[in-house]
Amino acid sequence: MLDITFIRENPEVVKQGMLNKGEPSADAVDEAIKKDEEWRGLVTEIGELRAESNTKAKQIGQLMGQGKKEEAQKIIQETSRSKEKIKELEEKVGAVRRELDELLYKIPNVPEPSVPVGHTEEDNEIFLSWGNPAADDWREPHWEIASAKNWIDFDRGSKVTGAGFPFYLGDMARLQRALINFFLNEAVKNGYIEMQAPYFVNEDSARGTGQIPDKEDMMYTIPRDELFAIPTAEVPVSNFHRDEILAMDELPIYYTAYTPCWRREAGSYGKEVRGLNRLHQFDKVELVKFVHPEKSDEELESLREYAESLLQQLNLPYRTLLMCTGDMGFTQTKKYDLEVWSPGQKRWLEVSSCSNFGSFQARRMQLRFKNEKGKTEMVHTLNGSGLALPRVVAALVETYQTEAGDVIVPKVLQPFMGIEKM
RNA sequence: GGAGAGCUGGCUGAGUGGUCGAAAGCGCUCCCCUGCUAAGGGAGUAUACCCCUAACAGGGUAUCGAGGGUUCGAAUCCCUCGCUCUCCGCCA
């Protein structure tokens, strides 16, 4: 959610950003400004009425204390009249505030000036490419390799749970465990605090990071206990400091957490979801940063560089995309996607998304800090995957497959697996 | 799952219907005193929002776990929920 004061002072910037992000109309901006005016008017009016009745209540208290009951009685009668007016206004102000909040929830974060304006993924900018994508004809997609080696059991996963919930077996299971260890170790080396987070969150947390109301259908729910299965560790980790005021010298704070992620992925179909390309449950190591507002731009770059370093160490060719305004999402000011090359499928697979949210999430979460002047100010939040497992595994297996059909274990993972070949 | 106790400012803790945004202590900040140290004296020290202002200052409202209710008036009474602690049960 954006700051209404910022919207009031920069309506055109907000409107332009909204249209650039592909919203059909920016009318919500003017409507919000109008609602805000109405709301402030009502708040002022109520404040005055309450001030009056507070004064009278105090007078009554004094008179009662002095034993002047009749005089007190007189004032009591006067007061009960304005009571109803206050109640009426309170209901109205509550309704107007809800309407205002609803409008504010509809206004997306404003893209950074450096973000290319565009509508579709065609307009994303290739920020950089690394490595030489393999293009040999003999390379197979990972699901062929996995099935030959009996590494992934999709059918039994479907029997036990449903489509998109595979079992991993033998060396494949060990590979995933190795990747998780490798990613976490690297993150800790780079200053991230390792964290184990809850896999379910409550409604306030889902709202805090914007899953509700924007992306409610993405999550699995546990209605009886009013909980949501996390679609990413971003949700519990970002909400860790919700409703807090941090000291300035605590910033920046970096966290990393491994969790499974659950996503309903309603409406997905076809070859896009073949094999490990898209699952309902998958593993991911997530990176979350809480930073000083002035630092968030450079923090996004270092987050991106860190995520890239993982692919470099695994020696997997990738490219980094700077997402255009229309493809970047509601809550971000700027976003990079890392795509790894899948030589068996001959396509790029997204394995990380590094985003700067500015104060957008922090405002929803009421996460603030005391700045240089001792004023409370919203922190800036960023997050990125470091990395998401299944597609890394897919690209890795396809890239490290030998013509003889084995899969070599990447050097950096060998210490974790204790073998050189799967 | 059952029974009970509790939730007050950065912390400890007082406050059972009126002058309480809240005693006292600790901590912290500033000032004074004191030739180190220690001690002492004084002032200040929550958050959000609204109004006003060039700004500072100022005025107002709300907040004593959350939400609702009773009342002219609620930290104090009532209801619902959350959380913490103790005991019992169960359990990886």
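Is Arg97 buried, partly exposed or exposed? Before I answer, please keep in mind that this is a predicted model. Arg97 is partly exposed, because its relative accessible area is 26%, which falls between the limits of 20% and 50%. Its side chain meets that of Asp101 in a salt bridge, with 3.0 Å from N to O, and Asp101 also counts as partly exposed, at 21% relative accessibility.

Helix 4 itself runs over residues 69–106, and for its 38 residues one expects a span of 56 Å, which agrees with the 55 Å between its end C-alpha atoms. Among its buried residues are Ile86, Val93, Leu100 and Tyr105, and of these Leu100 and Tyr105 also belong to a core of 19 residues that includes Met1 and Ala28.

In total the count comes to 24 salt bridges, and Glu301, Arg304, Glu305, Glu308 and Lys334 are linked in a network of them.

Turning to the largest nonpolar core, it has 54 residues, and Leu175 is one of those that touch the most other members. Helix 7, residues 170–189, gives the most to this core, with nine residues. Beyond its sequence neighbours within four places, Leu175 is in contact with residues including Val393, Leu413 and Met422.

Definitions and conventions. Residues numbered from 1 in each chain as written. Chains lettered and ligands numbered in written order. Predicted model: local features only at pLDDT ≥ 70, side-chain atom pairs only at ≥ 80, totals over all residues. Heavy atoms only, no water. Core = buried A, V, L, I, M, F, W, Y, C linked by side-chain atoms within 4.5 Å. Buried < 20%, exposed > 50% of the residue type's maximum accessible area, 1.4 Å probe, protein only. Helix = DSSP H or I, 4+ residues; strand = E, 2+ residues; numbered from the N terminus. Contact = heavy atoms within 4.5 Å. Expected span 1.5 Å × (residues − 1). Salt bridge = Lys/Arg side-chain N within 4 Å of Asp/Glu carboxyl O.
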